[in-house]
Amino acid sequence: MLTRTTRRLVFYSLILAFLAIGTAAVFYAQGYRLDPGTFRVQKIGAIYVRTLPADSHISVGGESVERSFAFFDTGVFVSGLFPKRYEVAAERDGYRPWRQHVDVEPARVGELKYVVLGPNVPTPIPSGDAADFWMLGRTPLIQNASGTLVWNGRPIPGDRVDGWTDDENRLLTRLDRTGEYYWTDLGNGSSTALGSLLARAGVRPDRTVVLPDPRNSSRVVVHAPGGVSFYELQTNRLTRIATTTIPALAPEQLARSRTQFAWISRALDATSSVLYLTDAGSGASATSSVDISDNVTKLAWATDELLVLLTTNGTLYVYRPSPETLVGRANTVRDFSLSPDGTMLAALESQSIELFSLTSDDYWRLNIPDTSSIAKLSWYRDDRHLFLHYPDRVLFLDLDDRSLQGLIPVAETANAHYDPETNMLHYLADDSVFALAFPS
């Protein structure tokens, strides 16, 4: 029979054990664990990773991660991680490996939701002896070494490409030797020389610049001395929409939104620019009252109510027609690129890339290696990645990777075009065109 002292000892021991186990259970439920590496009790964190392709092999800190079955979510959740830096890796056959270091914080879930692996197996596209190319859908328009343009096996008149319609059914080309413009129906292969048609409409072809209307396959924009007009090919009708002093209307100085044109005319003092807005349906034009104190070299619509302009001195402006405002967003800009949905703006500068959200106050700057050599930027379709086009290569940049650990080379070329609709990067190498299909 236990003595009273023994019973008390057992009772108090059980109370202490209960308190110890209960406290440990509470701390465990709150995420505290004993780190065997440091012998310290720390609060754990987690990492969520979602990749394209969805079946990529993922490892965290060198440990392979098993995927659990899920109907809707293609990501993996890795819990029970002690606070420190981990290397997260994703690999799959046919793609370049991806790696990034992530700092796990106590009671926090680090998210990597936009991991895209760059493909490394290109597909050759029949192209013959290509010196240059443009992609019209999945079919390349080839210019061979002799300057001849070929599309889908058929020669196209002209030796310079001046643009095409958004539906990629009409192509505008020019023969530099004569200055003749050609409007080609890519569906049936027929081409129409525009010179004689414009002459019958009262325009001197030798003093005319012609640009396509991207959203209208039966109309082109004509800049002749003194004014800009719409020319309707089916009716041979020329409609003057504005009088201008600009000597030549360049493709980069004409932008078409869903409802209107924006274009630039040089002011009489030749040190500033005048912005015109033209209704795409009626042709009614209005002059903007904003003061642009330099010549505009490029403009593009982000949305129907947001226009981006770049001037020769490197100032990048954002213009809103209603209410009419013009706001400078960056200086020393060489070029810019808008994301496919028009919500993000990437400004290419000499030493860095500036990124602006056009729907919020989000902004950040990336100091990319050898930024001064980048020729242009193009957006990947998820608005979370950029293609950096150098003179000899194209790199794929994850914008969430602020430490720039994952700059992935995707092609060794000076000539590449990405199409967000097909999710393919086409590029020229060794006189041939190749396609890289990105994961969907």
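Reader: How much space lies in the largest pocket?

Author: On a 1 Å grid over the protein atoms alone, a pocket is an open set of points where a 1.4 Å probe fits, with protein on both sides within 12 Å along at least five of seven lines. Grid points are joined across faces, edges and corners, and the volume is the space filled by probe spheres set on the points. Here the largest pocket holds about 2400 Å³ of space. This is a predicted model, in which local features need pLDDT of at least 70, side-chain atom pairs count only at pLDDT 80 or more, and totals for chains, interfaces and linings use all residues. Residues are numbered from 1 along each chain as its sequence is written, and side-chain values use heavy atoms, with hydrogens and water left out.

Reader: Which residues that line the largest pocket are the closest to its centre?

Author: Lining residues have an atom within 4 Å of a point. There are 49 of them, and Trp164, Asp166, Lys298, Ala300 and Tyr418 are the closest to the centre. Strand E27 (residues 296–303) gives the largest share of the lining, 6 residues; strands (E, at least two residues) are DSSP runs, numbered from the N terminus. By class, the lining has 24 nonpolar, 11 polar and 14 charged residues. Ala, Val, Leu, Ile, Met, Phe, Trp, Tyr, Cys and Pro count as nonpolar, Asp, Glu, Lys and Arg as charged, and the others, Gly among them, as polar.

Reader: Which residues have the most contacts inside the largest nonpolar core?

Author: A nonpolar core is a set of buried Ala, Val, Leu, Ile, Met, Phe, Trp, Tyr and Cys residues joined through side-chain atoms within 4.5 Å, where buried means under 20% relative accessible area with a 1.4 Å probe, protein chains only. The largest core has 36 residues, and Val88, Leu425 and Phe438 have the most contacts inside it. A second, separate core of 18 residues includes Met344, Leu348, Ile353 and Leu386.

Reader: Which strands pair with E37?

Author: Strands of a sheet pair through backbone hydrogen bonds, either parallel or antiparallel; two strands count as paired if DSSP finds at least two bridges between them. Strand E36 (residues 385–389) runs antiparallel to E37 and is joined to it by 5 bridges, with a hairpin of 4 residues linking the two. Strand E38 (residues 408–411) pairs with E37 in the antiparallel sense over 3 bridges.

Reader: Why is one side of strand E8 left without a neighbour in its sheet?

Author: The open sheet has 4 strands in the order E5-E4-E7-E8, with antiparallel pairing. E5 (63–64) and E8 stand at the edges with a single partner strand each, so one side of each has no neighbour in the sheet. Strand E7 (residues 85–91) pairs with E8 over 6 bridges, and Ala89 stands opposite Arg99.

Notes: Buried means under 20% relative accessible area, exposed over 50%, partly exposed in between (1.4 Å probe, protein chains only).
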